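Dear colleague,

Please find the structure below, followed by a short account of what was found in it.

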Number of protein chains: 2
Amino acid sequence: MHPWINALSTLRAVGLAASLLLASSSAIAAEALPSWQDGPAKQRIVGFVQAVSTVGGKEYVAPAERIAVFDNDGTLWSEQPTYFQLAFALDRVKELAPAHPDWKTTQPFKAALEGDMKALAATGEKGIAELLAVTHAGMTTEEFAAIVREWVRTAKHPTLKRPYTELTYAPMRELLDYLRANGFQTWIVSGGGVEFMRVITEELYGVPPQQVVGSSIKTRYEVRNGQPAIVRLPEIDFIDDKAGKPIGIHKAIGRRPVAAFGNSDGDFEMLEWTTASPGARLGVIVHHDDAAREFAYDRSSHIGKLARGLDEAPQRGWTVVSMRNDWKTVFAPQR
Amino acid sequence: MHPWINALSTLRAVGLAASLLLASSSAIAAEALPSWQDGPAKQRIVGFVQAVSTVGGKEYVAPAERIAVFDNDGTLWSEQPTYFQLAFALDRVKELAPAHPDWKTTQPFKAALEGDMKALAATGEKGIAELLAVTHAGMTTEEFAAIVREWVRTAKHPTLKRPYTELTYAPMRELLDYLRANGFQTWIVSGGGVEFMRVITEELYGVPPQQVVGSSIKTRYEVRNGQPAIVRLPEIDFIDDKAGKPIGIHKAIGRRPVAAFGNSDGDFEMLEWTTASPGARLGVIVHHDDAAREFAYDRSSHIGKLARGLDEAPQRGWTVVSMRNDWKTVFAPQR
C-alpha cells in the first residue's frame, strides 16, 4: 500500500474534515493509480470514490455498503488465447495421459492432447463435461488446491512466455488497493471456477477466498478412515456468468454492490444490477484494444466477446477503459 | 465492545510483546465475558483464544485463518417451541389468508391457520413445500427482506411474550465480540434461510450479510420495465444442515474454520470438519438444560435434537456448555 493512501485512511479514521480531504485528493489519486493515464476513465473512477467516501457529501455511502465486484478473466488478468483455467485442464490431461493410453484415440482427450482447439470445441458440452470430470473432479478439495498451486507455480503462457501470475494488470491491482484504502470491500465475481481462483487471489489481488464468487461443481462430505473430507463431483453446481453473476453476488454477499468492473458481455448483467440502483454507482468495462502490449478483441472474439456492453455503455453511464490509451503500463510485476 | 477489549486490540496492533498480553489475559477474559461463570467451559474458550492469538506461541494461527462459525437457532437465539422462521411462515399465512378463502379448508394452510402443528407435520414434505412457496417465494429479494423486517419489528414469542430480537443469548453475543476483538472473523452457518437471517444478523450479532451461510431457494434474474430484480422461486437450492454445513462453509468461505459453535446434531458435521484438522481447534456445544430460564431439551426433542453430539463430545474434545451452570444470564438486552 502506498504511504499516501495509508495516511489518508488514518486521517479518515480520526474524522478529519471532508474539505481537507477534497483539497488534497487529486494528488492522492495521482499517487494511488500511477499506471493510469490522467484521462477521463481515471477521473471518473477517482471522482466516484471521492463522492461515496466523503462524509457529509450527498453521495456518501457507508463503508459497510462499499462493495466493489471485479470479473477476473480479461479484467484482472489476461484471457487469450484461451482462459487460463482451460490451459490448466489441457496440461492436466497431458499429465494424466500415461495412465490412460485410450485417450490417444478417444475424444475429447485426443483433441486435448494434440492441442487441437477446433476438434475440442466440436466435442461440445459433452466433451467439455468429460474434460472437467477428469481434470477437476474425483479428488478432495485439498488435493485439487494442491494440484492447481503446483500448476500455477510452473506453467507458462503459450505466446507471452511468462508465468500466468505475471499476467495480471498493474492498473487493476492499483485500483483494488485504492478502493480498499478508501473503505471498499473488493470481491471477485467470475465465470471461472471458484476453487481454481481461490488458490491465487489472495497473493495476486489481496482478495481472500471468502470474497471470491465463481462457478462451481457439486461436492460431497464424507468421512474416510475417521478423517472428514470434501470430495469434488463431476457435476456442475452453478455457472457464475451473465445473469448468473447477479445471482451469485446475491447468494454470496447479500448486498448490492456500488461498483462493478468487467470486460465482456458475460459481465453485462453484473454491471446492470450494480448500476441500476439509486445513488452514486460505477460501472467500468475494460476494452482490450492494445494488440501491441496485450491483445485486441471485442465484438467477434470467441472468448471475452464484448458487443452489447460497447453499444449500451454511453446510455447507461458506464465507463469504457481503453487499455491502449488509459493505461501507462499493462502487466504488473509479481509481488 | 468493552473498553478492555478495545485496548487489547490496540496494544496488539502496535505489536506489544506477547508476554505482557499473557500477564493481563485472565483479567481481560473475565471482563470480556461477564455473563459466563468462571468454570471449565469459559476457561477452555479463553485458553483456546489466547493460544491461537499469541504471536510466537506454538498454537498461533494467523488472523486470516481465524474463522469461527456459529449455528443460529438454539446457539445464538432460542428455537423453541418452534424455529422462529416457521413462526414467521405461519404468521405470513394468516396475513395472506383473506385473499385465499379456500385456505380455510385446504391443507397445509388450514393447519397453519389453526396453529395445528400435528396436522401441519402430517402434510409432510409436500405440505412444507407449499407453505414455503406462498410465504417465501414469488416476490423479489428486496420485497422479501422488507416483509421479514416488518415481521421482526412487530412479532412476539408465543410463550416468552417478548420480541424475537430479545431472545438472543447474552453469553454468545459477548463471545462473538470477544472473538472479533481477538482477530477472528465470525460467521453464521445455519439451517435457517439465508435471506431471512440476513435481515437481523448485523444488528443482533454484528455479523454482516456476507458472513451468513444458510439454506436457500433458487432465484431468477429478470429485468422488469427496465429495472433489474432478483425473484425468489418456489424451489429449494441448498439445505445448510448436517453434512450440508461443511459443504456450505467450503462454498462460502473456502477456508476451514478453527472454531465451531452449535447446539444440535445438525451441527455435528460442522464441528467434526472444524476440529478434525491439525492445530489448535475448538468445538463447542450449547446444551439446553435450563427449563427455568429458557428450555430444557436434547435427545428426544423434535427440534434441536442432540444425542450423538452429547455421546461423542468427550472423545472428540468438544466442550459442552451447560446453559444452567455456565451462564450467569441467558438473554441479551436489545442493543
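Which residue with a positive phi follows α11(A)? G254(A) follows that helix, with a phi near 70°.

Some conventions come first. This is a predicted model, in which local features need pLDDT of at least 70 and side-chain atom pairs count only at pLDDT 80 or more, while totals for chains, interfaces and linings use all residues. Residues are numbered from 1 along each chain as its sequence is written, chains are lettered from A and ligands numbered from 1 in the order in which they are written, and side-chain values use heavy atoms, with hydrogens and water left out.

Helices. Helices (DSSP H or I, at least four residues) and strands (E, at least two) are DSSP runs numbered from the N terminus. Helix α11 of chain A covers residues 244-252, and it is largely enclosed by the rest of the structure because seven of its nine residues are buried. Buried means under 20% relative accessible area, exposed over 50%, and partly exposed in between (1.4 Å probe, protein chains only). The buried residues of α11(A) are G244(A), K245(A), P246(A), I247(A), G248(A), I249(A) and H250(A). In chain B, helix α13 (residues 268-275) is mostly covered, with eight of its eight residues buried; among them are F268(B), M270(B) and W273(B).

Strands. In chain A, strand β6 (residues 282-287) and strand β7 (residues 319-322) pair in the parallel sense over four bridges; pairing requires at least two DSSP bridges. I285(A) stands opposite V320(A) in β7(A). The chain passes from β6(A) through helix α13 (residues 308-316) of chain A to β7(A) in a right-handed β-α-β crossover, that is, clockwise from the first strand over the helix to the second with the strands pointing away from the viewer.

The same surface serves both copies, since 100% of the contact residues of chain A recur in chain B; contact means heavy atoms within 4.5 Å. Each side is represented in the contact, with 34 residues from chain A and 34 residues from chain B. There are six salt bridges between chain A and chain B (a side-chain nitrogen of Lys or Arg within 4 Å of a carboxyl oxygen of Asp or Glu). The side chains of E142(B) and R256(A) form a salt bridge at 3.2 Å, N to O.

Yours sincerely
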